[in-house]
Amino acid sequence: MMQPFALGGKDEAKNYDPSVKYPSSLQNYLIDTGKEVILVDTGMPKETKDTPPNDKTQVYMGERVKDYVSAFEALGYKKEQVTKILVTHKHPDHTGELRSFPNAKVYISPEDADALKRIFSTRK
């Protein structure tokens, strides 16, 4: 990711060096307690298109190896086994596949829940 994005981009542009790029990663976790299967975030929506890298992209997501649900199932789990999903924040790279886990109770901050309700209530 480019320096302004990595550091929050809240300062004036003159305070950032656009040539500075930081490696990063998107973290999602599966916790199997033996009694429950819990996810922390659910990755990007499956239909998100890969984007080619270019020098002006704030964040380059890399090449997709597998979509989130396929990677989850490749571990030997079924979507119906997930009992809880802990959402760190509402960005689509963390909530993109919430819809794929029908038995999961979703835990999210009240502020993010309200924001998501507004987003989904406007879709037809």
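Colleague: Is glutamate 36 buried, partly exposed or exposed?
Modeller: In this predicted model, glutamate 36 is partly exposed, with a relative accessible area of 24%, where buried means under 20% relative accessible area, exposed over 50% and partly exposed in between, using a 1.4 Å probe and protein chains only.

Colleague: And which side chain does glutamate 36 meet in a salt bridge?
Modeller: The partner is lysine 84, at 3.5 Å from N to O, a salt bridge being a side-chain nitrogen of Lys or Arg within 4 Å of a carboxyl oxygen of Asp or Glu. Glutamate 36 sits in the loop between β1 (29-32) and β2 (37-40) and lysine 84 in strand β3 (residues 82-86), so the pair ties together parts that are 48 residues apart in sequence. Strands (E, at least two residues) and helices (H or I, at least four) are DSSP runs, numbered from the N terminus.

Colleague: How many salt bridges are there in the whole structure?
Modeller: The search finds three. Arginine 99 meets glutamate 47 at 2.8 Å, N to O, and arginine 99 also meets glutamate 97 at 2.8 Å, N to O.

Colleague: Is glutamate 97 buried or exposed?
Modeller: Glutamate 97 is buried, with a relative accessible area of 3%, whereas arginine 99 counts as exposed at 52%. Shared partners join Glu47, Glu97 and Arg99 into one network of salt bridges.

Colleague: What should I know about the numbering and cut-offs?
Modeller: Residues are numbered from 1 along each chain as its sequence is written. Local features need pLDDT of at least 70 and side-chain atom pairs count only at pLDDT 80 or more, while totals for chains, interfaces and linings use all residues, and side-chain values use heavy atoms, leaving out hydrogens and water.
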